[in-house]
Each structure stands twice: as structure tokens, then as C-alpha cells.
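Hi,

Here is the structure I promised to pass on to you.

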Amino acid sequence: MKLNPFVSSSRRKNRKRHFNAPSHIIRKLMSSPLSKELRQKYNVRSMPIRKDDEVQVTRGHYKGQQVGKVVQVYRKKMVIFIERIQREKANGASVHVGIHPSKVVIVKLKLDKDRKKILEKKAKSRAADKTKGKHTEESVAMATD
């Protein structure tokens, strides 16, 4: 059921807005999930991908255990290029293969002050969500008195 009357539920309009989105919104759309270790450490599920992050491909032809560094984030095509994931062209030149960020998992983050601030903010909001709406025995006892 649609709750907000100002947001369209039309598939056609949603696809148009997705593929014609401006760069600052595409950054958010190009988020990748964090590995289980990083998820435990930071209490955050996903992050927008960045140039020097180390990732592991989880889907498609190039999936495997090898970890590669992100060489380029190509927002216009909504793909990322990873260090060792290349293919040969017909003329013999090797080119990077574009992979969508949702099909990789971040194994190591490149942290700077802005990224740390984002992690702290996301973790804080997740911690607030966990306590929200829970009834404890004390609160129930106080309500009945």
C-alpha cells in the first residue's frame, strides 16, 4: 500500500528516476554490503563504495575468494572497476570489467574523517532502533501501577 501521495509507484517513472539520477544520489545507490567481520565491528550493514576500498566479488562470472582494490568508481555507468578483474579485447589490450557494487562485498574500508563520521552516525541510528519499541519488565510494571 502506498503511503506517501507525492511518490509515484509507477515502474516506468521509478526506472526513469533511477537511471537519470544526479551524481550525489547515484553515490548512495552505489552502496555495497560490508563483510561479516566489518558488520560486527562497526554495526553497519552497507556503505557507499569508494575508490581505495578492498572488495570481493560475490556474484557473476568473476566471483571468488580473491580480494581486489577498487580502481575506479564510474558513476555514469553505475559500475566499479576492480584491480585484477580484467579481460582481453580482440586487439590484445586488457580492459577492466565493470561490476555493479551490489554484487561485491567490502572487505576493507578506506577510512578518513568523513567516512568515520558516517559510520558513527549509522551505528548510532541502528542502536537507537534496537531499543525503540521494546517493553521491559520495569516499564510494564510501572504502567500497571
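**Salt bridges and the rest**

Let's start with a pair of charged side chains: those of Asp114 and Lys113 meet in a salt bridge, 3.8 Å from N to O. By salt bridge I mean a side-chain nitrogen of Lys or Arg within 4 Å of a carboxyl oxygen of Asp or Glu. Asp114 is partly exposed, at a relative accessible area of 44%, while Lys113 is exposed, at 66%. Those words have cut-offs: buried is under 20% relative accessible area, exposed is over 50%, and partly exposed is in between (1.4 Å probe, protein chains only).

Before going on, a word on where this comes from. This is a predicted model, so local features need pLDDT of at least 70 and side-chain atom pairs count only at pLDDT 80 or more, while totals for chains, interfaces and linings use all residues. Residues are numbered from 1 along each chain as its sequence is written, and side-chain values use heavy atoms, with hydrogens and water left out.

How many salt bridges does a search of the whole structure find? It finds 4. One of them joins the side chains of Arg50 and Asp112, at 2.8 Å from N to O. That pair links distant parts of the chain, 62 residues apart: Arg50 sits in the loop between β2 (46–48) and β3 (54–57), and Asp112 in the loop between β7 (104–108) and α4 (113–131). Arg50 is partly exposed at 27% relative accessibility, and Asp112 is partly exposed at 27% too. Another salt bridge is between the side chains of Glu83 and Arg84, at 3.3 Å from N to O. Here Glu83 is partly exposed, at 36%, whereas Arg84 is exposed, at 52%.

**The overall picture**

The protein has 5 helices and 7 strands. (Helices, H or I with at least four residues, and strands, E with at least two, are DSSP runs numbered from the N terminus.) From the N terminus on, the order is α-α-β-α-β-β-β-β-β-β-α-α. The radius of gyration is 20 Å, well over the 15 Å that the globule rule gives for 145 residues, so the protein is more spread out than a compact globule. That radius is taken over C-alpha atoms, and the globule rule is 2.2 Å times the number of residues to the power 0.38. If you picture a box along the principal axes, the C-alpha atoms fill roughly 80 × 40 × 30 Å.

Buried residues make up 25% of the 145 residues. The protein exposes about 11,300 Å², and carbon and sulfur atoms supply 52% of that. (Accessible areas come from the Shrake-Rupley method with a 1.4 Å probe; for residues, only the protein chains shown count as cover.) Among contacts between residues at least 6 apart in sequence, 49% join residues at least 24 apart; contact means heavy atoms within 4.5 Å.

How confident is the predictor? The mean pLDDT is 91, and 100% of residues reach 70 or more. (pLDDT is the predictor's confidence in each residue, from 0 to 100.) Confidence is lowest in helix α5 (residues 137–144), at a mean of 77, and highest in strand β1 (residues 31–33), at 96.

Is Ser8 buried or exposed? Ser8 is buried, because its relative accessible area is 19%. Its side chain reaches the backbone nitrogen of Ser10 at 3.0 Å. Leaving out residues up to four places away in sequence, Ser8 touches Lys2, Lys13, Asn14 and Arg17.

Next, find His100 in the loop between β6 (94–99) and β7. His100 is partly exposed, at 30% relative accessibility. The side chain of His100 makes a polar contact with the side chain of Ser102 at 2.9 Å. A polar contact is a pair of N or O atoms within 3.5 Å; within protein, one must be able to donate a hydrogen and the other to accept it, and residues adjacent in sequence count only if both atoms are side-chain atoms. His100 and Ser32 are 68 residues apart in sequence and 9.0 Å apart in space, C-alpha to C-alpha. His100 also touches Met78 and Val79, not counting residues up to four places away in sequence.

Met78 lies in the loop between β4 (68–74) and β5 (79–88), and Met78 is buried, at 8% relative accessibility. Phi of Met78 is near 55 degrees, a positive value in a residue other than glycine. Asn43 has a positive phi as well, of about 60 degrees, although it is not a glycine. You'll find Asn43 in the loop between α3 (36–42) and β2, where Asn43 is partly exposed at 25%.

Enjoy exploring!
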